[in-house]
Amino acid sequence: MKFTKDWLNDHLKTNKSENQIIEKLNRIGLEVEKVDPIKNELSDFVVAKIIRANKHPNADRLKLCDVDIGGKENIKVVCGAPNAHDGLLTIYAPPGSIIPKNGMKLEVSKIRGETSHGMLCSESELKLSNESEGIIELGQKFNSSIGKPYFNKKSNNNVIELSITPNRPDCLGIRGIARDLFASGYGDLKEIKKVKFKKTFKHNFKVKIEKNKNQACSIFGSCLIKNIKNKESPSWLKERILALGLRPISAVVDVTNYVMFDLNRPLHAYDLDKIKNSISVRNSKKGETFKALDNKTYTLNENMCVIADDEGPLGLGGIIGGERSGTELVSKNILIEAAYFDPGVTRKTAKILEINSDAKFRFERGIDPQSVKEGLTMASKLIIEICGGEVSNFDIQETIKFKKKIIKFDPKLVSRTIGINVKEKNIMNILNKLGFETKKKVKNIEIKVPSWRPDIFGEIDLVEEVIRILGFENVKSIEPEKVRTKPTLNFYQKHFHLAQRSVASKGYYETITWSFSDEKINDSFRENFETTRIINPISSDLGVLRNSLYPNLIYYMEKNLNRGFGDQSLFEIGPVFTGNKPGNQITVVCGIKKQLYDEEDYKRDNHLDVFEIKKDLMQTLVELGIDKEEILIEDKSPSYYHPGISGSISSKDGKHLFAYFGQIHPKITLESYGFEIFLENLVNFKSHNKKSKESLLLSDFQKSDRDFAFLVNKDTKAQLLVDAIKITDKSLIKNIKIFDVYEGGNIPSDKKSIAIKVTIQSDHKTLNESDLSNISNRIIKSVEEHTDAKLRS
Amino acid sequence: MSEFEKKIIAFKEKIKNSKNQKELFSISSEIFGKNGIINSEFKKLGSIPVEEKKIFAASINKFKQELSDIYKAKVNKILDKDIIEKVQKEKIDITLPEKEFKIGKVHPVSQVIDEISCIFSEIGFSVEEGPDVENEYNNFTALNTPENHPAKDMHDTFYLDEDMKTLLRTHTSPVQVRTMLKGKPPFKIIAPGRTYRSDSDQTHTPMFHQLEGLHIDKDITMGHLKGCLNYFIKEFFEVEKIKMRFRPSHFPFTEPSAEVDIGYRMENNKIIIGEGDKWLEILGCGMVHPNVLKNCKVDPSKFQGFAFGIGIDRLAMLKYGINDLRSFFECDYRWLNHYGFDPLDVPTNYRGLSR
């Protein structure tokens, strides 16, 4: 919403300065977004310099000029003036500006195959003189003003632009802004002058609001104005229209716009001679088409609100008028409409048809239903002042009688809500100035809500009005108490926090990537999850909710590779979506590692392999409180891992899947390893298996190491041997370590050798030779019994 | 002097003259070994009369001790000499680079969430969460945002179905609804999390982070809201004083509603928070609308309180001088390295937020 101080003065008698008013508006909830110098018709024309006047390739008499208009880059303008030459200072008119001489609106155009962005002007074109030979030549003193308006009409007036919150339609009119300032003590609200003019003839044009289901229109007021001479608006009106950022069109159109911004009362003017017989306000039929003033043709659904005549729709109620009945400079007889359309229906229709207009913006927020007469009066007065003609009486069709809302208000709610005492007198005063009618009752105040405030429903809305006008600076700040009755983080959140820092401490950089992903890439990681598509994605490559953290991590890892970063470890902790319902999501910690072998390092020793990633994963699990003794490692993993170099880690009973790890399948990306920890599973397991640390028993008796080498089938898992050893004697076996895995040489080709060191120690005595050989034999027996292993001799 | 004593003297001399470890070790076995002179002398014990045994053994032990002491001293002397010789030969270029220590980084958004949690923990808030996918009711309707209302335009919502019933939450406020529906007042929670809006330009990303705050009790007023936010901003920016301004605004779920600006000034292209005459909008807040309380089965005649929503990414940008919001999600290794935090740098109440 834009306005000028000058225009505000029509409604508010105040001695406050523009700056004071801006400051105040911010404090009462009418946020000032911008303050710009006022625009007028001529402010588009700027000083420019021809840098080079090149010959036009396709026309001898034309030149193709590189012109400096004070922007970052020079622009190209085609010019036919004989005097256009390098270094000439002149006046430039950009596309969109209107040339005073002929009222022509400039557009970007092609002249003999070359695009011209705007025009260099002659004196006659700017109505400065009759000189039309060649373009204006400015003196060197303009060299410092390139890009600045040539017509520097001195004006201290600014255009103030407000960002009005959707609950305040009343402030989409300057009168509403004035009223808020008045309520906050910034001047007096002027009365709207009563206008009396003769209504010389009877409104005899038939207008009817049809009884339709969900009829959006409940009031349709109109008047006829005959024998006008439509023309260009007078300069005062043009200036105001320009200040709003609109283009003046004709007096009739400019007046309807003027009233809309002045009183927040949208109007529409029809050329009466183009309407066939009568007007009916009705629901549209499916498939009806209508050409709007924006030159587009719309195909309507059923139950949109149209203003129609016998031939079909003339306009979309509250949204946009139609081309067929639009007024022109030659229009003689017109009909002015001031109506009320339902906000919900208006919004829905505009949304479906994707139409934005100043009227729609106002109707969907709620227009004052009692401003119909006021609007028609102001518009007809202005039109006959400018264009002559005579006005009919007002015809007002009304299907629902508007009733003011009544609220029973307990003024104590003000102090109860905001924490400071406000006197009842002050409360009443503020509300009265805002237009609320107040009546003191025994227990409370009876409040009548003004018709222009559709946002006021209950007591709390009135509290807001009071504090808004009083100012939040009057609320006394209360220091928070430093008391904690509940733990800050719950069991799961503690693990989230720990997992994040645990993985980061192992060399991984934490990333945050989109929760969405590219459907094609995501499909490689989707497994059995459903695809959840976003109906209106920001772009097609962010079209689905991610089913894994890998797609985005791999994408960004490769981007970093392209930037020249070889060795990388990235991770993310965040949601993975398992379906499209609220709660269909799990938290995954996903790490990924890649090494480039061509990097030279004088100390490089170890190459990245799966055991590197397994190390990081295992240590993270341990730090998260999972005992190595309570896990089961299997070679089961999803299809996006290398089938032979990957596995899963779960609880011993296989019921809780903690993690997957391994090499990413080479068909997806090369030489990359990763892991995924499923945080909820892990936390769930832990909360069902709470344990405290056992007390520590340290044995001082001698410990002995015994080495065993077993021959096993190639696909036998080493873990089986370890498990078989472990169960032999839990009290004596303190440690088991695989120290060699060997294939080839003197070993049969279908076998491998696994060498294991077992540490044996008793808590009660020093073991002698026979004790040791006894336990050794039991170890061999157990391994041979439980697996296909044979002791190598 | 017995034969044994003579041998002892000879060995003492031998130890003294020995030149290296090898020589010493062979002397050692001649003395203390299985067939060394000490053991051989002890073997004589058997043929000695009982009454002399004690004296005899004591004298052997005395000599054994003497030799052992001399021997150990000599060993140490030679070892020291060896080490010194070796050390003198060892000289490396100490300016060669150290072995790479790989410590990762925590994303600034995560760090800021921890900082915020830490501050609110001190004044009794606990952390709540909600799902990223929400239903229309929790995201809008329960929060007093009616269908077909322009207030909805402020949220460019991502929808997951054609009926527009499921969506990606546009703010963390649905966590208020979930928290109140599953519990009983009082409520005192914060809820950080991912939020989504169909918006992408210089200053907007389709995903960003918000922090929701909610405090509902019997007599919580705007004064408490002001105090709470004042405390938070001061703690977060780690400044003594903060210039703050509450500006009336509109959110369907709070009434009265306000936006909060903090004062700042520019110095060498950097933002200095807390002073100056420029204003920066950083959060939205207000008293929870009675309709929201009713929708959440809380009696508005008995309970009232405030709620607020803060852009976490924005706070991180301000505090740590990050210029481009989009860079948060681009995972550039250099950026992560520069703006990321050491995982050991955990914000705590007793240590303070930043080190």
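Mentor: Helices H1 (residues 3-17) and H4 (residues 50-89) of chain B pack with their axes 10 Å apart, at an angle of about 5 degrees. This is a predicted model, in which local features need pLDDT of at least 70, side-chain atom pairs count only at pLDDT 80 or more, and totals for chains, interfaces and linings use all residues. Residues are numbered from 1 along each chain as its sequence is written, while chains are lettered from A and ligands numbered from 1 in the order in which they are written.

Trainee: Why is H1(B) called roughly parallel to H4(B)?

Mentor: Angles under 35 degrees count as roughly parallel, over 145 as roughly antiparallel, 65 to 115 as roughly perpendicular and the rest as oblique. The angle here is about 5 degrees, so H1(B) is roughly parallel to H4(B). Axes are lines fitted to C-alpha atoms, for helices over the stretch in contact, and angles run from 0 to 180 degrees between N-to-C directions.

Trainee: Which residues meet between H1(B) and H4(B)?

Mentor: From H1(B) come B:Ile8, B:Phe11, B:Lys12 and B:Ile15, and they meet B:Phe63, B:Leu67, B:Ile70, B:Tyr71 and B:Lys74 of H4(B). Contact asks for C-beta atoms, placed from the backbone, within 7 Å. By class, this contact has 7 nonpolar, no polar and 2 charged residues.

Trainee: What makes A:Cys65 count as buried?

Mentor: The rule says buried for 20 or more other C-beta atoms within 10 Å of a residue's own, exposed for 12 or fewer, and partly exposed in between. A:Cys65 has 29 C-beta neighbours inside 10 Å, so A:Cys65 is buried. A:Cys65 lies in strand E5 (residues 63-68) of chain A, and A:Val77, 12 residues apart from A:Cys65 in sequence, is 5.2 Å apart in space, C-alpha to C-alpha.

Trainee: How do you know that E28(A) and E30(A) pair?

Mentor: Pairing requires at least two bridges found by DSSP. Strand E28 (residues 406-409) of chain A and E30(A) have 4 bridges and run antiparallel, with A:Phe409 opposite A:Ile445. Strand E29 (residues 437-440) of chain A also has 4 bridges to E30(A), again antiparallel, and a hairpin through 4 residues joins E29(A) to E30(A).

Definitions and conventions. Helix = DSSP H or I, 4+ residues; strand = E, 2+ residues; numbered from the N terminus. Contact = placed C-beta atoms within 7 Å. Nonpolar A, V, L, I, M, F, W, Y, C, P; charged D, E, K, R; others polar.
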